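Please look over the sequence and the structure before reading on.

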Amino acid sequence: MSGSSSIDSSIPPSLYRGGSPRWIDGLLSFADIGLLLMLCSFYLVPAVAGVQTGFYLTLVLPTLLLLGWRRDFGFLRSWQFAVFCGLPLLLAISSLWAPADGGDVRREFSFYLKLVAYLAVLYCALYLVLERRGPAPLARWLLWLIPVGTASCIASLAHYGLDGGFAHWRRIGGISLEGDIDKTAMLYGFHALFCCYGISRRSRRWQLLSWSGLVISCAYILLSQTKIPIVMSAAAIALAALVSGSRVLRIAVALAFVAAPLGYMAIFGDLPLMHRSVAYSIRLELWGKAFDEFLQSPLIGSGLMYKWFLELRTTLPHPHNYLLDIARFSGLLGVLFAAAQLLAAASAARDPAGWRQWVPGLYIAWFGFGTVAMLVYAQQPLVRPSYIWFYYWVPLAVLLVLDQLSGAQRRHATVAAATAGNSTIAESHG
């Protein structure tokens, strides 16, 4: 894979009042750092509330100030922004027809509108930063997440060992996201993919750090016994061997793919994707129950409620499938809006040349694995900054913003070429 996609970052000064004063660049840098800190906080902050506080303090204010000084708001009239915010807005509106006596925990309509606004701020922050900086921040964020994720993983393994985890080989929970096993395992699955970018760097220091991070993340994922991250770690190992250019390493990886399932079976008594088969059966029951609720109002759903628990053999907060959760709350209308987001992401990733570049290629993989995780772990996606933002909203916003900026650049190039052609014709006639 090669470097990153090219987007012209020479933005006309007329976009901001006062000809883009110097403090605008300062605010853009602050927003850039805020986006990076939000991503890092998923690995380092124990409670989700800390992630949310960081978002409010470091990203909301600079983005609102930038928008307040902005002249050109054409980017908010794009189909990409409409698709990104359409599903959250529909979910918020659906709360208006939720039954007054339904749900376990209720919120007012204004609460959901605030969540829509937070997602809009995320999109705007990404657009404004990438509009001025180009795709360079996206590559820099991937590099920062390699040491941050490695440090987080080491801390999680150390905590696991001090708590006697290695004595019983129980499932490991990380130091962030309240220690939820599946969610933190997914974080380290993404981290394994990020390490592949570091391995591709020419710097020996980055290669050593990234290989170490990849091995440590894969060890964590093995102890988590979580299925999708196991697939992600296998994909990361294969990709790392591919970009390393070493034939010996590729052979070693091929042998490891044969030996690893045998080692997993020796430790846990079952093959990786068959271990804890109850995870499959309980999800099938959950999905069936959520589908029954969807059938009660298939067109527009029963209306969004903050908490609507599902009762099986135990009480569970959601059906562990975001599309089914959308369907039960907003019906087929919501599913269509969600499908529009998936089609928009596919359209943004339609150029095969982009897959061979780390940016956007790694973000395409990020969104792909995140969407799969949303189909087996997640609830409806209209939430405050949480694991759903890391799995879904962040990579989706990146892909849509890159597509929007590339389209604008192509249009500007076409207009410039047409203007130059008309000038040439006029001069020849003159």
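Is Cys195 buried or exposed? Cys195 counts as buried, with a relative accessibility of 0%. Buried stands for under 20% relative accessible area, exposed for over 50%, and partly exposed for what is in between (1.4 Å probe, protein chains only).

## Basis of the model

The model is predicted: local features need pLDDT of at least 70, side-chain atom pairs count only at pLDDT 80 or more, and totals for chains, interfaces and linings use all residues. Residues are numbered from 1 along each chain as its sequence is written, and side-chain values use heavy atoms, with hydrogens and water left out.

## Cysteines

A disulfide is a covalent bond between the sulfur atoms of two cysteines. Here the term is applied to a pair of cysteine sulfur atoms within 2.5 Å, and the count by this rule is zero. Cys196 is buried, at 0% relative accessibility.

## Aromatic rings

The whole structure holds 29 aromatic pairs. Rings of Phe, Tyr and Trp (its six-membered ring) pair if their centres lie within 6.5 Å; planes under 30 degrees apart are called stacked, over 60 edge-to-face, and the rest tilted. Phe55 and Tyr56 make an edge-to-face pair, with 5.9 Å from centre to centre and 65° between the planes. Phe55 is buried at 1% relative accessibility, whereas Tyr56 is partly exposed at 29%. One aromatic cluster has among its members Phe42, Tyr43, Tyr188, Trp366 and Tyr391.

A charge sits over a ring if NZ of Lys or CZ of Arg is within 6 Å of the ring centre and within 35 degrees of the ring normal. Arg17 is placed in this way over Trp69, 4.8 Å from the ring centre, and Arg107 over Phe111, at 5.4 Å.

## Pocket and cavity

Spaces were searched on a 1 Å grid over the protein atoms alone: a cavity is a set of points where a 1.4 Å probe fits but cannot get out, a pocket is an open set with protein on both sides within 12 Å along at least five of seven lines, and lining residues have an atom within 4 Å of a point. The largest pocket contains about 970 Å³ of space. Its lining has 43 residues, and Lys183, His318, His320, Tyr377 and Tyr387 lie nearest the centre. Helix α11 gives the largest share of this lining, eight residues. Other helices that each supply at least two residues include α7 (181–199) and α15 (387–429). By type, the pocket lining has 26 nonpolar, seven polar and ten charged residues.

There is one cavity of 30 Å³ or more. The largest cavity holds about 90 Å³. Among the residues lining this cavity are Leu304, Trp308, His318, Asp325 and Gln380. Its lining divides into six nonpolar, three polar and three charged residues.

## Trp79

Trp79 belongs to helix α3, residues 79–94. Trp79 is partly exposed, at 42% relative accessibility. Its C-alpha atom is 24 Å from that of Leu59, which is 20 residues away along the chain.

How values were computed
Grid points are joined across faces, edges and corners, and a volume is the space filled by probe spheres set on the points. Helices (H or I, at least four residues) and strands (E, at least two) are DSSP runs, numbered from the N terminus. Ala, Val, Leu, Ile, Met, Phe, Trp, Tyr, Cys and Pro count as nonpolar, Asp, Glu, Lys and Arg as charged, and the others, Gly among them, as polar.
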